[in-house]
Amino acid sequence: MNMRRYVATLPALALGATLSLGSALANPYEKYAGETIVVSWPALSHYQNAETLVEEFMEETGIEVEIDALQYLKLRDSQLLEMSKDEGEYDVVVWVVMWKGEYVSKGLLTPLSQFYTSGSLVDPEYDIDDIADAYLQNGGVVGGKKGYLPGKSGALYGIPFGAETSILAYRKDIFEEQGLEPPATYDELRAAMAKLGEAGIPAMTSRGATGHQVTAGWLLHLAPLGGKIFDDQWNPVINSPEAVEAATVMREITQTGPNGIPSYGFSEASAAFLQGDAAMYLDTLKIAAMSRDPKLSKIDGKVGFALHPTGSRCGSETGGFAMGIPANSLKQEAAFLFIQYMTNKAGDQRMVDLGGDPIRISTLTNPENIAKFPEYPVVAEQLPCADADWRPLIPEWNELNLDVLGQALTKVITTDDPIQPIMDEANEQARAIMERAGYYAWANYRQ
Amino acid sequence: MADAPEKEPFDRSRLTPYLFIAPAILVMFGGLVFPVLDAVYLSFFDWEIGRKFSTAPFVGFENFTRMIVDPNVWESIWVTIRFGFWTITIEVVLGVGLALMLEKPIRGASIFRTIFILPLMVSPVVVALIWRYLFDARVGWINYYLGYLGIEPQVWLGDPSLAFFAIVLTDIWQWTPFIFIIVIAGLQALPSEVLEASRIDGANWWQQIFLVKLPMIKSILVIALLMRLIDVFRALEVMYIMTGGGPGRSTELLSLHIYNRAFATQQLGYASAISVLLIVIVFLLSLAILTLNNPMRSKSDV
């Protein structure tokens with residue numbers, strides 16, 4: 001064998017190698033085809049509708065997806081247990097935005113920046129700026145100002161999926177009968193509730209079950225009436241005049257609403273409206289898609305949508321869910337591809353067609369969608385008013401939510417006791433919790 | 001060399017009984033003693049779920065001191081005691097009454113017996129779900145049928161006293177069959193000579209029951225009572241599903257309170273401390289009942 005022939009084959013080999021390398025990366029999903037990822041998300045209608053899109057993902061990419069759906073408040077227990085192990089079963093977790101602080105402070109999630117540095121994983125047409133800022137900041141960014149607000153110290157841990165803000169839904173037919181206009185302010189709202197009460201029509205449905213539910217109901221009124229949970233030094237202000245007014249509104253709603261509000265969770269409260277037992281619904285915009293679902297609703301076609309009423313300011317809720325990747329997952333790249341697929345422009349539009357909720361401005365302002373979904377212009381108008389500080393998404397929030405506010409507000413809506421002392425006591429308990437968690441260490445140090 | 005007194009040669013067969021119960025003891029250690037010791041150990045730490053245990057700070061008796069002054073813990077214990085009192089009294093009365101009615105071989109007795117045992121066969125989670133929807137304020141059957149009697153629909157699971165009544169009712173429905181089975185078995189094992197003798201002596205129906213039959217099944221009743229008492233402190237699923245402990249804390253039994261502390265508010269160390277308290281309470285109660293009436297020691301019954 002002579003050297004020349006050997007050397008002559010080298011360029012051919014090199015060319016062949018480069019060509020084959022090039023074709024190996026032609027399909028971004030190829031490397032992960034055949035893997036199985038497990039997704040943990042809530043058993044709500046948006047996600048049930050998403051299952052069709054998941055099947056399309058499986059067909060297109062060859063990545064298998066197993067879904068573990070639970071009632072949304074029970075998700076946290078199983079996600080925490082799974083993510084605390086050395087190697088976890090969940091590859092994608094969907095969290096309620098109020099848990100993001102806890103998950104990140106315990107180091108349970110992988111920051112998405114790790115994946116955004118990869119040239120092969122990131123879809124150049126994804127356009128992350130198109131995702132509604134309120135949703136992205138609220139659900140996915142953690143560690144900013146005060147730990148949960150947007151800010152330079154924050155990092156992206158999740159993409160919103162099933163995120164929401166609040167709007168007012170009302171029965172056009174009942175309002176017409178009673179000669180009412182959809183209320184734009186809280187004064188108008190309370191007047192409408194009184195008028196409906198007199199006419200014997202249950203006015204507004206609301207969540208009211210002890211714990212997270214009743215607090216969520218109250219928070220809807222706290223922001224627009226000008227209240228907050230903490231001031232800038234983390235002092236709790238749950239007993240401020242605005243907070244007491246919001247609690248009074250909760251009491252009025254319970255007294256003029258459908259029977260059973262103190263036992264209503266999210267499903268029961270929505271069911272009351274969807275089955276025709278209440279004239280108004282002031283909560284997540286998900287009610288719009290739900291009102292068109294024949295399996296859930298008897299009132300399709302009779303529902304009008306309006307902005308969340310304003311008090312001293314406009315302030316609708318920021319909430320819902322975001323999707324991210326546990327740090328102990330073994331299939332993080334496939335998980336990232338899944339998240340990207342479900343939330344890119346095509347995915348968002350498909351979710352809307354399947355009866356879910358959009359996260360992108362382009363989807364909300366698309367004229368075809370607006371023709372089909374009358375609430376979209378309302379949502380698009382509402383989003384700039386979505387209050388990022390609607391609720392403090394700190395790790396201690398769970399304890400405050402369940403033990404302090406959840407108990408105090410139950411007393412507010414099930415008794416006629418004066419509200420100020422109830423809120424004063426709650427404020428003291430909140431302060432004790434914050435003290436124990438160390439939030440006043442700097443203030444005490446600097447004194 | 002002084003003569004040592006003759007000792008009996010060691011009889012190896014004396015070890016056999018211990019050998020036979022050794023597996024059971026091992027299982028008991030693994031399944032009972034070890035977790036209890038672990039709970040006591042955990043109660044000295046402040047461990048948040050999700051963080052590694054190695055980072056949990058040692059806090060000594062802080063969890064216990066906090067627990068003693070925590071009004072929520074004591075309210076929960078009080079709810080558990082009230083719950084136990086109402087359910088056990090009514091269950092025993094109903095269970096014994098039904099057993100007395102159905103012990104005779106009257107026609108159809110076996111059918112009734114089968115029907116009455118059914119609630120015990122249903123999974124507690126299913127029981128809780130069914131009763132939750134029966135009690136639902138808007139769509140529940142109970143309100144629907146009460147409407148025919150002219151009673152306004154009640155918010156069963158949203159009112160503190162009504163919710164308590166709801167869980168008591170559910171528990172009675174579910175566990176009366178338990179007392180029923182045990183008592184019926186006991187009654188059927190009673191020697192008929194004693195009853196015949198009492199009848200010959202002129203005892204009427206009332207006296208036969210309270211002065212002859214019931215005293216003879218006393219040890220069985222004590223066992224049933226003990227088991228129900230321990231169950232009351234164990235009960236979790238039904239409350240969790242029906243009310244989650246609400247409204248307020250009106251249906252939050254101690255076990256549910258511990259669950260909420262551990263998982264809802266992430267305080268595993270504190271929850272362990274309360275668990276230790278629960279073990280102590282149950283232990284003391286069992287001890288009290290057993291000293292008053294130890295079924296193992298009495299010789300005068302079946």
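Hi everyone, let me begin with pairing: two strands pair if DSSP finds at least two bridges between them. Strands here are DSSP runs of E with at least two residues, helices are runs of H or I with at least four, and both are numbered from the N terminus.

What you see is a predicted model, where local features need pLDDT of at least 70, side-chain atom pairs count only at pLDDT 80 or more, and totals for chains, interfaces and linings use all residues. Residues are numbered from 1 along each chain as its sequence is written, while chains are lettered from A and ligands numbered from 1 in the order in which they are written.

Let's look at β8 of chain A, residues 280-284. Strand β7 (residues 204-205) of chain A pairs with β8(A) in the parallel sense over 2 bridges, and A:T205 has A:Y281 as its bridge partner. Strand β6 (residues 158-171) of chain A runs antiparallel to β8(A), joined by 5 bridges; there, A:I167 is partnered by A:D283. Of the 5 residues in β8(A), 5 are buried, meaning 20 or more other C-beta atoms, placed from the backbone, lie within 10 Å of a residue's own.

Now, over to chain B. The contact takes 26 residues from chain A and 20 residues from chain B, counting residues as in contact if their C-beta atoms, placed from the backbone, lie within 7 Å. On the chain A side, α3 (75-83) and α18 (397-414) each supply at least two residues. Which helix gives the largest share of that side? That's α18(A), with 8 residues. Thanks, everyone!

Notes
Two residues are in contact if their C-beta atoms, placed from the backbone, lie within 7 Å. A residue is buried if 20 or more other C-beta atoms lie within 10 Å of its own, exposed if 12 or fewer, and partly exposed in between; C-beta atoms are placed from the backbone.
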